[in-house]
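Please prepare a briefing on the structure shown below, with its pockets, one of its helices and a few single residues grouped by topic.

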Amino acid sequence: MTLTLKKRALSRARMLDFLEKLAVAPDEDLTSLYLPPRLPTAELKNLLYEIPVLQDISTGLYDIVNRSGTGAVIFWSTTQKYLVIPPFPVAEKSFKHSLDIEPLRSLLGHEYLVGLVLVRLGSYAIGVSHGEKLVSSKVGTGLVHGRHRQGGSSAHRFERHRDKQIEYFLTRVCQHAREQLEPYVKSLDYLVYGGARTTILLLQKRCPLLGKLETPTLPPLLDIPEPRQAVLETALNRIWSSTVIEWQEG
(Lines give C-alpha, C1' and ligand atoms only; values in the text may rest on other atoms or scores of the structure.)
Protein backbone atom coordinates (compact mmCIF):
# COMPACT_ATOMS: atom_id res chain seq x y z
CA MET A 1 0.00 0.00 0.00
CA THR A 2 1.31 3.44 -0.98
CA LEU A 3 0.45 6.46 1.13
CA THR A 4 0.69 10.00 -0.18
CA LEU A 5 1.03 13.03 2.06
CA LYS A 6 -1.33 16.00 1.86
CA LYS A 7 -0.65 19.18 3.81
CA ARG A 8 -2.96 22.16 4.37
CA ALA A 9 -3.36 25.15 6.66
CA LEU A 10 -6.73 25.66 8.32
CA SER A 11 -8.01 28.80 10.01
CA ARG A 12 -9.41 28.61 13.52
CA ALA A 13 -13.00 28.32 12.26
CA ARG A 14 -12.13 25.73 9.61
CA MET A 15 -10.12 23.68 12.11
CA LEU A 16 -13.03 23.60 14.55
CA ASP A 17 -15.30 22.54 11.68
CA PHE A 18 -12.80 19.82 10.76
CA LEU A 19 -12.94 18.46 14.32
CA GLU A 20 -16.73 18.48 14.37
CA LYS A 21 -16.86 16.52 11.09
CA LEU A 22 -14.30 14.07 12.44
CA ALA A 23 -16.53 13.48 15.48
CA VAL A 24 -19.68 12.73 13.46
CA ALA A 25 -18.75 9.12 12.70
CA PRO A 26 -15.36 8.26 14.24
CA ASP A 27 -13.68 4.99 13.31
CA GLU A 28 -13.89 2.32 15.99
CA ASP A 29 -10.14 1.68 15.77
CA LEU A 30 -9.17 5.35 15.87
CA THR A 31 -6.34 6.38 18.19
CA SER A 32 -5.80 9.88 19.60
CA LEU A 33 -2.33 10.99 20.69
CA TYR A 34 -1.48 14.42 22.15
CA LEU A 35 2.20 15.35 22.20
CA PRO A 36 3.49 18.48 23.97
CA PRO A 37 6.52 20.22 22.41
CA ARG A 38 10.10 19.39 23.34
CA LEU A 39 9.48 15.88 24.67
CA PRO A 40 12.69 13.88 25.27
CA THR A 41 13.64 11.85 22.21
CA ALA A 42 13.16 8.44 23.82
CA GLU A 43 9.78 9.37 25.28
CA LEU A 44 8.54 10.78 21.97
CA LYS A 45 9.62 7.68 20.06
CA ASN A 46 7.97 5.38 22.61
CA LEU A 47 4.70 7.30 22.33
CA LEU A 48 4.79 7.17 18.53
CA TYR A 49 5.32 3.41 18.67
CA GLU A 50 1.73 3.26 19.97
CA ILE A 51 0.54 4.31 16.50
CA PRO A 52 0.20 1.29 14.19
CA VAL A 53 2.11 2.63 11.18
CA LEU A 54 4.84 1.48 8.82
CA GLN A 55 8.43 2.29 9.77
CA ASP A 56 8.98 4.95 7.09
CA ILE A 57 5.79 6.77 8.14
CA SER A 58 6.77 6.49 11.80
CA THR A 59 10.08 8.16 10.99
CA GLY A 60 8.25 10.91 9.14
CA LEU A 61 5.89 11.42 12.08
CA TYR A 62 8.83 11.72 14.45
CA ASP A 63 10.62 14.28 12.26
CA ILE A 64 7.52 16.49 11.95
CA VAL A 65 6.63 16.36 15.65
CA ASN A 66 10.22 16.85 16.75
CA ARG A 67 10.49 20.06 14.68
CA SER A 68 7.19 21.48 15.92
CA GLY A 69 7.37 24.31 18.43
CA THR A 70 3.80 23.65 19.56
CA GLY A 71 3.73 19.86 19.70
CA ALA A 72 1.24 17.77 17.73
CA VAL A 73 -2.04 15.89 17.81
CA ILE A 74 -2.43 12.61 15.94
CA PHE A 75 -5.73 11.00 14.96
CA TRP A 76 -4.97 7.60 13.41
CA SER A 77 -7.05 4.67 12.20
CA THR A 78 -7.15 2.26 9.30
CA THR A 79 -8.92 4.80 7.08
CA GLN A 80 -8.14 8.17 8.72
CA LYS A 81 -4.56 9.32 9.27
CA TYR A 82 -4.10 12.91 10.46
CA LEU A 83 -1.34 14.81 12.18
CA VAL A 84 -2.24 18.30 13.42
CA ILE A 85 0.29 21.00 14.30
CA PRO A 86 -1.77 23.32 16.52
CA PRO A 87 -1.27 27.09 16.66
CA PHE A 88 -0.53 27.03 20.40
CA PRO A 89 1.35 24.45 22.49
CA VAL A 90 -0.25 21.18 23.53
CA ALA A 91 -0.31 21.30 27.33
CA GLU A 92 -0.43 17.63 28.31
CA LYS A 93 0.40 14.33 26.68
CA SER A 94 -2.49 11.94 26.25
CA PHE A 95 -3.09 8.62 24.54
CA LYS A 96 -6.53 7.10 23.97
CA HIS A 97 -7.87 4.23 21.88
CA SER A 98 -10.75 6.46 20.77
CA LEU A 99 -11.40 9.84 19.19
CA ASP A 100 -10.61 12.62 21.65
CA ILE A 101 -10.99 16.09 20.13
CA GLU A 102 -11.77 17.93 23.36
CA PRO A 103 -8.23 19.08 24.35
CA LEU A 104 -7.64 20.47 20.85
CA ARG A 105 -11.08 22.06 20.68
CA SER A 106 -10.48 23.66 24.09
CA LEU A 107 -7.10 24.99 22.96
CA LEU A 108 -8.64 26.56 19.86
CA GLY A 109 -11.51 28.02 21.88
CA HIS A 110 -9.29 29.95 24.26
CA GLU A 111 -8.98 33.71 23.62
CA TYR A 112 -5.21 34.04 23.97
CA LEU A 113 -3.60 37.45 24.42
CA VAL A 114 -0.67 37.56 22.00
CA GLY A 115 1.95 40.21 21.33
CA LEU A 116 3.34 40.52 17.78
CA VAL A 117 6.70 42.13 16.98
CA LEU A 118 7.49 42.19 13.25
CA VAL A 119 10.62 43.95 12.10
CA ARG A 120 12.92 44.27 9.12
CA LEU A 121 15.50 47.01 8.69
CA GLY A 122 13.46 50.04 7.67
CA SER A 123 9.96 48.86 8.68
CA TYR A 124 8.14 47.46 11.70
CA ALA A 125 4.68 46.40 12.86
CA ILE A 126 3.85 45.81 16.52
CA GLY A 127 0.51 44.75 17.92
CA VAL A 128 -1.44 42.97 20.61
CA SER A 129 -4.29 40.62 19.79
CA HIS A 130 -7.06 39.16 21.92
CA GLY A 131 -8.13 36.04 20.14
CA GLU A 132 -8.20 36.86 16.43
CA LYS A 133 -8.78 40.58 16.96
CA LEU A 134 -6.07 43.25 17.10
CA VAL A 135 -6.69 45.43 20.14
CA SER A 136 -3.65 47.66 19.66
CA SER A 137 -1.08 48.19 16.90
CA LYS A 138 1.61 50.51 15.57
CA VAL A 139 3.15 50.33 12.11
CA GLY A 140 5.94 52.50 10.74
CA THR A 141 9.13 52.87 8.73
CA GLY A 142 12.60 54.27 9.23
CA LEU A 143 15.48 55.23 6.97
CA VAL A 144 18.20 52.59 6.77
CA HIS A 145 20.45 52.64 3.69
CA GLY A 146 21.52 49.43 2.01
CA ARG A 147 25.08 48.18 2.38
CA HIS A 148 27.90 49.97 0.54
CA ARG A 149 29.35 47.66 -2.10
CA GLN A 150 32.68 49.40 -2.67
CA GLY A 151 35.77 49.58 -0.46
CA GLY A 152 37.90 52.48 0.74
CA SER A 153 37.51 55.15 3.37
CA SER A 154 34.18 56.33 1.97
CA ALA A 155 32.79 52.85 2.51
CA HIS A 156 33.88 52.91 6.16
CA ARG A 157 32.23 56.30 6.67
CA PHE A 158 29.08 55.00 4.98
CA GLU A 159 28.99 51.90 7.23
CA ARG A 160 29.40 54.04 10.36
CA HIS A 161 26.55 56.26 9.17
CA ARG A 162 24.46 53.17 8.42
CA ASP A 163 25.17 51.73 11.86
CA LYS A 164 23.85 54.95 13.41
CA GLN A 165 20.72 54.73 11.25
CA ILE A 166 20.15 51.15 12.42
CA GLU A 167 20.69 52.15 16.06
CA TYR A 168 18.22 55.04 15.76
CA PHE A 169 15.70 52.84 13.95
CA LEU A 170 15.87 50.08 16.56
CA THR A 171 15.60 52.62 19.39
CA ARG A 172 12.36 53.90 17.85
CA VAL A 173 11.02 50.37 17.36
CA CYS A 174 11.86 49.57 20.99
CA GLN A 175 9.99 52.67 22.13
CA HIS A 176 6.90 51.66 20.16
CA ALA A 177 7.19 48.07 21.41
CA ARG A 178 7.19 49.40 24.96
CA GLU A 179 4.16 51.60 24.26
CA GLN A 180 2.21 48.70 22.73
CA LEU A 181 3.23 45.83 25.00
CA GLU A 182 3.76 47.31 28.46
CA PRO A 183 0.03 47.82 29.21
CA TYR A 184 -0.49 44.09 28.62
CA VAL A 185 2.84 42.66 29.72
CA LYS A 186 1.52 40.93 32.86
CA SER A 187 -1.32 39.22 31.02
CA LEU A 188 0.31 38.26 27.70
CA ASP A 189 0.01 34.55 26.98
CA TYR A 190 2.48 34.47 24.10
CA LEU A 191 4.82 36.63 22.07
CA VAL A 192 5.52 36.17 18.36
CA TYR A 193 8.43 37.65 16.44
CA GLY A 194 8.53 37.97 12.68
CA GLY A 195 10.72 39.43 9.95
CA ALA A 196 14.49 39.12 9.55
CA ARG A 197 16.18 36.91 12.16
CA THR A 198 19.29 39.09 12.47
CA THR A 199 17.18 42.24 12.94
CA ILE A 200 15.01 40.51 15.53
CA LEU A 201 18.13 39.49 17.48
CA LEU A 202 19.50 43.05 17.30
CA LEU A 203 16.20 44.44 18.56
CA GLN A 204 16.05 41.97 21.45
CA LYS A 205 19.61 42.89 22.41
CA ARG A 206 19.02 46.65 22.28
CA CYS A 207 15.51 46.74 23.77
CA PRO A 208 15.46 46.21 27.57
CA LEU A 209 11.75 45.39 27.64
CA LEU A 210 12.03 42.59 25.09
CA GLY A 211 15.23 41.35 26.69
CA LYS A 212 13.63 40.82 30.08
CA LEU A 213 10.20 39.55 29.00
CA GLU A 214 9.47 36.06 30.30
CA THR A 215 6.42 35.61 28.06
CA PRO A 216 6.57 32.28 26.16
CA THR A 217 7.30 32.73 22.46
CA LEU A 218 5.60 30.98 19.56
CA PRO A 219 7.59 29.87 16.48
CA PRO A 220 8.83 32.98 14.62
CA LEU A 221 7.45 34.10 11.25
CA LEU A 222 10.69 34.59 9.34
CA ASP A 223 9.24 34.54 5.82
CA ILE A 224 6.98 37.59 6.04
CA PRO A 225 7.56 40.60 3.74
CA GLU A 226 8.26 44.14 4.94
CA PRO A 227 5.93 44.73 7.89
CA ARG A 228 2.84 46.81 7.10
CA GLN A 229 -0.67 46.84 8.57
CA ALA A 230 -1.85 44.22 6.10
CA VAL A 231 1.19 42.07 6.90
CA LEU A 232 0.43 42.37 10.62
CA GLU A 233 -3.14 41.20 10.04
CA THR A 234 -1.93 38.33 7.84
CA ALA A 235 0.54 37.33 10.55
CA LEU A 236 -2.29 37.23 13.09
CA ASN A 237 -4.26 34.90 10.80
CA ARG A 238 -1.22 32.66 10.47
CA ILE A 239 -0.73 32.55 14.23
CA TRP A 240 -4.22 31.10 14.61
CA SER A 241 -3.87 28.60 11.75
CA SER A 242 -3.37 24.87 12.30
CA THR A 243 -1.42 22.67 9.92
CA VAL A 244 -3.17 19.41 9.05
CA ILE A 245 -1.10 16.66 7.45
CA GLU A 246 -3.02 13.71 6.07
CA TRP A 247 -1.74 10.38 4.75
CA GLN A 248 -3.97 9.02 1.98
CA GLU A 249 -3.88 5.77 0.05
CA GLY A 250 -2.70 6.46 -3.44
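**Briefing on the predicted model**

The second largest pocket has a volume of about 150 Å³, where a pocket is an open set of points on a 1 Å grid over the protein atoms alone, at which a 1.4 Å probe fits, with protein on both sides within 12 Å along at least five of seven lines. A volume is the space filled by probe spheres set on the points, and grid points are joined across faces, edges and corners. The model is predicted, so local features need pLDDT of at least 70 and side-chain atom pairs count only at pLDDT 80 or more, while totals for chains, interfaces and linings use all residues. Residues are numbered from 1 along each chain as its sequence is written, and side-chain values use heavy atoms, with hydrogens and water left out.

**Overall picture**

- The protein chain contains eight helices and ten strands, which are DSSP runs numbered from the N terminus (helices H or I, at least four residues; strands E, at least two).
- Of the 250 residues of the protein chain, 46% count as buried, a term that stands for under 20% relative accessible area, with exposed for over 50% and partly exposed in between (1.4 Å probe, protein chains only).
- Among contacts in the protein chain with a separation of 6 or more, 69% are between residues 24 or more positions apart, a contact being heavy atoms within 4.5 Å.

**Pockets**

- The lining of the second largest pocket, meaning residues with an atom within 4 Å of a point, includes Tyr34, Val73, Pro89 and Leu107.
- Helix H4 (residues 102–109) gives the most to this lining, with three residues.
- By class, the lining of the second largest pocket divides into eight nonpolar, one polar and two charged residues, with Ala, Val, Leu, Ile, Met, Phe, Trp, Tyr, Cys and Pro counted as nonpolar, Asp, Glu, Lys and Arg as charged, and the others, Gly among them, as polar.
- The largest pocket holds about 560 Å³ of space, and of the 22 residues that line it, Ile85, Pro86, Pro219, Ser241 and Thr243 are the closest to its centre.
- Strand E1 (3–10), helix H3 (55–67), H8 and strand E10 (242–249) each supply at least two residues of the lining of the largest pocket, which has 13 nonpolar, five polar and four charged residues.

**Helix H6**

- In helix H6 (residues 197–206), the buried residues are Thr199, Ile200 and Leu203; they lie on the same side of H6 because they cover an arc of only 100 degrees around the axis, the arc being that of the directions from the helix axis to the C-beta atoms.
- Arg197, Thr198 and Lys205 are exposed on the other side of H6.

**Single residues**

- Ile245, in strand E10, is buried because its relative accessible area is 5%, and apart from neighbours within four places in sequence its contacts include Leu5, Ile64 and Leu83.
- Between Ile245 and Leu61 there are 9.9 Å in space, C-alpha to C-alpha, although the two are 184 residues apart in sequence.
- Asp223 lies in the loop between helix H7 (208–212) and helix H8 (229–239) and counts as exposed because its relative accessibility is 57%.
- The side chains of Asp223 and Arg238 are joined by a polar contact of 3.0 Å, that is, a pair of N or O atoms within 3.5 Å, of which, within protein, one must be able to donate a hydrogen and the other to accept it, with residues adjacent in sequence counting only if both atoms are side-chain atoms.
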